[in-house]
Amino acid sequence: MGSNQYDYDLIVIGGGSGGLACSKEAAQLGRRVAVLDYVDPSPQGTVWGLGGTCVNVGCIPKKLMHHASLLGEAVKGAAKYGWDVPQETKHSWEVLVGGVQNHLRSLNWGHRVALKDKSVDYLNAYGTFVDAHTIKATTRSGKETILTADRFVIATGMRPKYPQMEGAREYAHSSDDLFSLQKPPGKTLVVGASYVALECAGFLTGLGYDVTVMMRSIPLRGFDQQMAELVIDNMVSHGTRVLRGCVPQQILKQASGELAVTWQRQTGGPGSAVDADDSDEFSTVLLAIGREPCTKSLNLDVAGVKMNESTGFIVGSEEESERTSVPNIYAIGDVLQDRPELTPVAIKAGKLLARRLYDGATEHMDYVNVPTTVFTPLEYGCVGLSEENAVQLHGEDNVEVYHAFYKPLEYIIPERNHQQCYIKMVCSRQDEKILGLHFLGPHAGEVIQGFGFAVKCGATRGQLTSVVGIHPTCAEEVIKMHVTKRSGEDATVTGC
């Protein structure tokens, strides 16, 4: 058991998915554990309850609003399936937000109950280090408490970035605000090309709003760029306007309440000479230009924890990536440098860490071949390497890419656009080991979860194609792929 020299065996700073998973696992193993969770209001004043970004302003509300927009698309095609539906349908933003927020509050309460059931002390307070074994916990009212622990886990996550631009903090919203916005967003400008930007722009368009995406450079940086461009093409076909090579310069609030946005347009891409200024008015400006770790106000320097000073990410040790430069202080989730910024990654890393610290386990988090999905109107799921990264690592002559354009059966009767429904498998040319799998189509998250297991186990294309497909599904198209890019043949699926 832990030493009574300290108040706790473990204090977790951050009540998001990773921090909660780690704290409950440690408590279940008989340790004295406390969790500190505190949400600084966004520049627009938004705060939320226990559970972190994913629960409150990330994955969960995003998926619910994405589903709401898909339902709207389904209603449009229902008549051709024989349903007698009104020619014009209306969507209530207020009803949607109310339903989403009610669910989130139930999750907040559920997390508090789970901590209590596991005998984890929960403090709604902000933790800052005094030394490597001591923190100061400060409540919203300013009350301070000194707490000591044998070990600490930093799991404070990330928050949206704001540009150094007039009006950004005063008038713009971020994903921290969107899911609890009390009035409909109306005509919306989404600044950014991240998955957050494109997901939000996609469901807002699907809900019937006039949406413009402004991107400085490429979409979905870090993802396969052929897939990313197909995502953009599909969004444009659904009515989202995309401005490329544009950088916002100013946001001014008008007497009408609308926001006048001025931006610079560059003809030669990022870094080129400015071609012209442009402007328009919007009801809502949503900034989604990236996120930064919540580490700079934790006083990590007094504890001796090494950070990347330019980015704020915590540097993990070479021996054990979750351990910081201080032996008794660990970090999990998005705050760690060069790790996937994904909720399930933080949860798994947190549980494995607690088991190593308190149960004699030896398993470490494996950050390779982590599957994920971008919930744009046409979902994009992937696992493993992008085509670009595979070529960079192995050389073009050593990489074989199998691909297929396909038509989902459910798209046929309502005559839905299927031009961007596409799959590709990136393989080693020598032994056909699958290096990366990319799926663009309906229910991509459900599809890629299963295939992610195969890729994680080192499957080859031959092993995958030996599996009998489930017909008629989109997922079966993955195991039927036989056309290579190298061949130049038409990759369109024409039959069973």
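The entries below follow the order in which I looked things up.

**Entry 1: what I am looking at.** I noted at the outset that this is a predicted model. I then checked the annotation: the unreviewed UniProt entry lists "domain: Pyridine nucleotide-disulphide oxidoreductase dimerisation" for residues 370-480. Over that stretch I read off 32% helix and 26% strand.

**Entry 2: H7 against H8.** Two packed helices are described by the angle between their axes and the distance between the axes, and I looked up both. For H7 (residues 195-206) and H8 (residues 225-237) I found an angle of about 20° and axes 10 Å apart. The two helices are therefore roughly parallel to each other, and their crossing is left-handed. I listed the residues that meet: H7 brings Leu198, Ala201 and Gly202, while H8 brings Val231, Ile232 and Met235. Sorted by class, that contact has 5 nonpolar residues, 1 polar residue and no charged ones.

**Entry 3: H1 against H4.** I moved on to H1 (residues 17-28) and H4 (residues 93-117), whose axes come within 10 Å and cross at roughly 20°. That makes H1 roughly parallel to H4. H1 passes H4 in a left-handed crossing. Leu20, Ser23 and Lys24 of H1 touch His111, Ala114 and Leu115 of H4. The class tally for this contact is 3 nonpolar, 2 polar and 1 charged.

**Entry 4: salt bridges.** Side chains of opposite charge can pair when their charged atoms come close. Taking a side-chain nitrogen of Lys or Arg within 4 Å of a carboxyl oxygen of Asp or Glu as the cut-off, I get 21 salt bridges. I picked out one of them, lysine 187 with aspartate 280, where the closest N and O atoms are 3.1 Å apart. What does this pair tie together? Lysine 187 lies in the loop between helix H6 (175-178) and strand E8 (188-191), and aspartate 280 lies in strand E13 (residues 274-282), so the bridge links parts that are 93 residues apart in sequence.

**Entry 5: backbone angles.** Most residues other than glycine have a negative phi, and most peptide bonds are trans. With that in mind I looked up two places. Serine 119 is not a glycine, yet its phi is positive, about 65°. I located serine 119 in the loop between H4 and strand E3 (121-123). Then I checked the bond joining histidine 471 and proline 472: the peptide is cis, with omega about -5°. Proline 472 sits in the loop between helix H14 (461-465) and helix H15 (476-480).

Note on methods: Residues are numbered from 1 along each chain as its sequence is written. This is a predicted model: local features need pLDDT of at least 70, side-chain atom pairs count only at pLDDT 80 or more; totals for chains, interfaces and linings use all residues. Side-chain values use heavy atoms; hydrogens and water are left out. UniProt positions are given in the numbering used here, feature names are shortened, and annotations may be inferred rather than shown by experiment. Helices (H or I, at least four residues) and strands (E, at least two) are DSSP runs, numbered from the N terminus. Axes are lines fitted to C-alpha atoms, for helices over the stretch in contact, and angles run from 0 to 180 degrees between N-to-C directions. Angles under 35 degrees count as roughly parallel, over 145 as roughly antiparallel, 65 to 115 as roughly perpendicular and the rest as oblique. A crossing is left-handed if the near helix is turned anticlockwise from the far one by less than a right angle, and right-handed if clockwise. Contact means heavy atoms within 4.5 Å. Ala, Val, Leu, Ile, Met, Phe, Trp, Tyr, Cys and Pro count as nonpolar, Asp, Glu, Lys and Arg as charged, and the others, Gly among them, as polar.
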